[in-house]
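Here is a friendly briefing to read alongside the model. Please have your viewer open, and let us walk through the chains together.

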2 protein chains.
Amino acid sequence: MDIVCKQSELNNAIQLVSRAVASRPTHPILSNLLVTADEVTNKISLTGFDLNLGIQTSFDATVSQSGAITIPSRLLSEIVSKLPNESPVSLTVEELSDNILLKSERGSFNIKGIPSDDYPKLPFVESGTSLEIDPSSFLQALKMTIFSSSNDESKQLLTGVNFKFKKSILESAATDGHRLAVILNNDQDLNLQDNSDDLKDSDFNLSVTIPTRSLREIEKLVSCKSHENSIKLFYDKGQVVFISANQIITTRTLEGTYPNYSQLIPDSFSKVFKFNKNSFIESLERIAVLADQQSSVVKINLNDDGYASISADAQDIGNAEELLPVTYSGEKLEIAFNVKYLLEGLRVISSENVLLKCNLSTTPAVLVPDDNITSFTYLVMPVQVRS
Amino acid sequence: MDIVCKQSELNNAIQLVSRAVASRPTHPILSNLLVTADEVTNKISLTGFDLNLGIQTSFDATVSQSGAITIPSRLLSEIVSKLPNESPVSLTVEELSDNILLKSERGSFNIKGIPSDDYPKLPFVESGTSLEIDPSSFLQALKMTIFSSSNDESKQLLTGVNFKFKKSILESAATDGHRLAVILNNDQDLNLQDNSDDLKDSDFNLSVTIPTRSLREIEKLVSCKSHENSIKLFYDKGQVVFISANQIITTRTLEGTYPNYSQLIPDSFSKVFKFNKNSFIESLERIAVLADQQSSVVKINLNDDGYASISADAQDIGNAEELLPVTYSGEKLEIAFNVKYLLEGLRVISSENVLLKCNLSTTPAVLVPDDNITSFTYLVMPVQVRS
């Protein structure tokens with residue numbers, strides 16, 4: 001292998017694909033990046049893969065001799081990031097050698113690599129189901145649900161976000177058992193195609209649950225690409241592949257049937273309160289200082305006098321109360337929540353006002369934006385408080 | 001106690017004094033801040049004290065009733081930092097009560113405090129030796145030495161920086177046994193005064209060693225105050241007190257005679273090399289990537305061909321070499337250093353070029369700025385390398 005490329009392009013590619021390199025790999029080669037060079041296309045391709053998540057990117061270079069090698073990811077990343085910006089960098093590997101010679105203007109580095117033959121293949125899926133997704137809608141769906149997924153590895157399917165693609169609708173949902181975030185994007189031109197033989201009807205739909213850890217990386221990638229018109233998605237046999245102009249991300253999906261969350265959302269609510277979102281967030285952040293000393297429980301007392309009292313008690317430490325202007329006419333209600341769940345839901349809502357809908361202090365409440373733009377529902381279970 | 005003050009002023013004062021609050025206090029009251037209010041002067045004073053380091057600051061407020069109380073530092077800090085900026089905040093404590101009522105525009109907080117009687121007194125030293133120091137010279141002295149002090153608590157005196165005040169000279173030094181940083185500031189108008197009876201001669205000098213941990217806080221404080229003309233320093237019985245317009249910092253000193261470091265610095269050098277400082281730093285940072293894989297040792301090969309070779313070897317991982325332009329005529333020399341020590345010394349030097357002076361590959365080398373502005377000497381012990 002013999003290539004010359006720009007420091008900045010090599011550096012960007014390394015930073016990108018090293019996100020898929022495991023911090024504690026099960027096999028030495030998995031702490032390496034795969035570098036391949038093609039003298040016909042004059043392209044270099046870099047791959048990081050932890051057996052669950054895989055990222056591949058390619059860019060233009062001067063390739064005098066094709067080849068492939070794997071290079072320790074962290075070492076290569078540190079060296080290249082410190083080389084002078086925009087200066088040319090050459091990488092040379094002799095035939096049948098695993099020694100990489102990296103040269104820049106000023107000096108040279110010899111790094112011991114591992115032959116590429118042992119590097120696992122990325123699971124390319126280009127059969128099965130394919131569809132096109134709009135990067136900005138997908139990104140919104142991700143941001144508004146991902147925080148509600150569970151961090152508890154034993155909760156399996158709940159450690160991911162569920163996506164349902166159906167005609168022009170993308171429905172995304174995540175829950176950790178205490179709260180649930182659901183968003184509907186209606187304006188998708190999904191361009192669904194099913195290449196498998198056994199499913200040809202027009203009522204086709206696809207439900208996949210993607211691990212949160214993979215989604216955090218996909219989120220970063222899609223964020224950079226949100227000016228592109230579409231990203232292609234392929235699904236087959238427990239693998240999802242996202243393909244954009246010069247990048248490929250593959251991820252294992254979480255197998256199983258995602259819980260039927262829609263049955264958790266009450267059909268109707270007897271009490272609906274309207275708050276200013278930012279005022280609500282600021283009050284909760286202050287009250288949270290006291291709440292977080294013990295149980296993280298914040299109490300909301302709703303009256304028809306135009307104010308809601310938001311309060312928290314921390315025994316032997318202190319207590320706090322604020323009054324928040326609220327639009328409401330109806331019966332009094334005292335309801336308590338984990339303040340963290342409320343804040344996380346409110347922070348992803350972009351509308352000026354928010355509606356809090358509930359029935360009893362023991363039944364699920366929902367937060368929804370007070371606009372007609374986003375179809376977002378955030379369900380939170382109240383906390384029982386002894387009075 | 002009954003006071004009203006601005007959120008921003010209270011918040012700044014809390015952030016400042018809480019630096020002196022221990023993270024794991026030996027007694028509950030030491031995790032609190034002392035707040036005192038004086039209705040005669042209309043001033044509030046806040047104090048944090050971990051028995052070694054003490055910080056006190058005061059600011060104007062409306063004091064309706066004098067009083068004193070201690071309040072949990074972290075809780076108060078979190079609450080006040082989240083209150084609306086510039087809005088008024090009131091603090092009220094009933095007579096004989098330890099319950100603080102904090103009110104802002106929107107809501108109220110009750111916090112349980114501890115009576116101020118049990119809070120330890122700051123060691124005010126206003127007798128003994130006093131002198132005035134120039135904040136910017138003192139800050140420079142601090143920045144150029146503090147990094148060389150030892151982190152190893154068993155090294156006692158070496159965990160601090162030694163300051164020698166003598167006539168118009170401030171000499172500061174720190175060493176951890178592997179390297180030594182010394183800076184002389186000549187243009188001090190120290191205004192030395194010795195109020196004790198037993199020392200009246202004009203040849204007076206003061207040597208104090210101040211713990212690095214205290215100095216890091218003093219550095220922050222002096223940084224904010226560097227536009228002031230002078231800071232007063234008092235020293236007596238193992239305590240140093242720094243006094244500026246409205247702040248007081250007290251710190252215990254490290255007792256004992258600081259090592260006679262000047263005898264470590266060779267009188268003459270047979271080899272002197274001149275480098276561009278930034279190029280040297282950048283090369284070392286790249287070579288350090290390889291060096292830090294194992295021993296952190298970097299080798300410098302000096303020739304009279306106009307270049308120095310900087311290299312590192314990490315067995316089974318790789319090696320690296322760069323050529324750095326250097327001004328030198330003389331014998332060849334190979335000398336090796338811990339790359340961290342070289343980099344830390346170079347980073348505090350502000351001159352464009354740096355001189356590396358040495359005799360043998362086994363005797364101390366020094367780095368000095370190639371200018372006539374700063375009298376700074378950074379001594380580093382070379383590392384023995386088997387060839």
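A salt bridge here is a side-chain nitrogen of Lys or Arg within 4 Å of a carboxyl oxygen of Asp or Glu. By that rule, E219(A) forms a salt bridge with K143(A), with the closest N and O atoms 3.4 Å apart. E219(A) lies in helix α4 (residues 212-224) of chain A and K143(A) in helix α3 (residues 135-143) of chain A, so the pair ties together parts that are 76 residues apart in sequence. Helices (H or I, at least four residues) and strands (E, at least two) are DSSP runs, numbered from the N terminus. Over all chains, a search of the whole structure finds 28 salt bridges.

This is a predicted model, in which local features need pLDDT of at least 70 and side-chain atom pairs count only at pLDDT 80 or more, while totals for chains, interfaces and linings use all residues. Residues are numbered from 1 along each chain as its sequence is written, chains are lettered from A and ligands numbered from 1 in the order in which they are written, and side-chain values use heavy atoms, with hydrogens and water left out.

**Where chain A meets chain B**

- The contact (heavy atoms within 4.5 Å) takes 28 residues from chain A and 29 residues from chain B.
- About 2500 Å² is buried between chain A and chain B, and carbon and sulfur atoms give 56% of that area. Buried area is the accessible area (1.4 Å probe) that two parts lose on being put together, summed over both.
- R106(A), R286(A) and V289(A) supply 27% of the area that chain A buries against chain B, more than any other three residues.

- Two salt bridges are counted between chain A and chain B.
- R106(A) forms a salt bridge with E322(B), where the closest N and O atoms are 3.7 Å apart.
- On the side of chain A that touches chain B, the elements giving two or more residues are α2 (73-82), β9 (107-112), α5 (277-291) and β22 (318-325) of chain A.

**Strand pairing**

- Two strands pair if DSSP finds at least two bridges between them.
- Between the chains, β9(A) and strand β22 (residues 318-325) of chain B pair in the antiparallel sense over five bridges, and G107(A) stands opposite E322(B) in β22(B).
- Within chain B, six bridges join the antiparallel strands β19 (residues 271-276) and β24 (residues 353-358), with K274(B) opposite L355(B) in β24(B).
- β24(B) also runs antiparallel to strand β25 (residues 365-369) of chain B, joined by four bridges, and V354(B) stands opposite P369(B) in β25(B).
- A hairpin joins β24(B) to β25(B) through six residues.

**Inside chain A**

- The domain assignment of chain A gives domain 1 (2-118), domain 2 (129-262) and domain 3 (265-380), with bounds that come from an automatic or database domain assignment.
- The centres of domain 1 of chain A and domain 3 of chain A, taken over C-alpha atoms, are separated by 51 Å.
- S58(A) sits in strand β4 (residues 53-60) of chain A and touches K43(A), I44(A), S45(A) and N246(A), not counting residues up to four places away in sequence.
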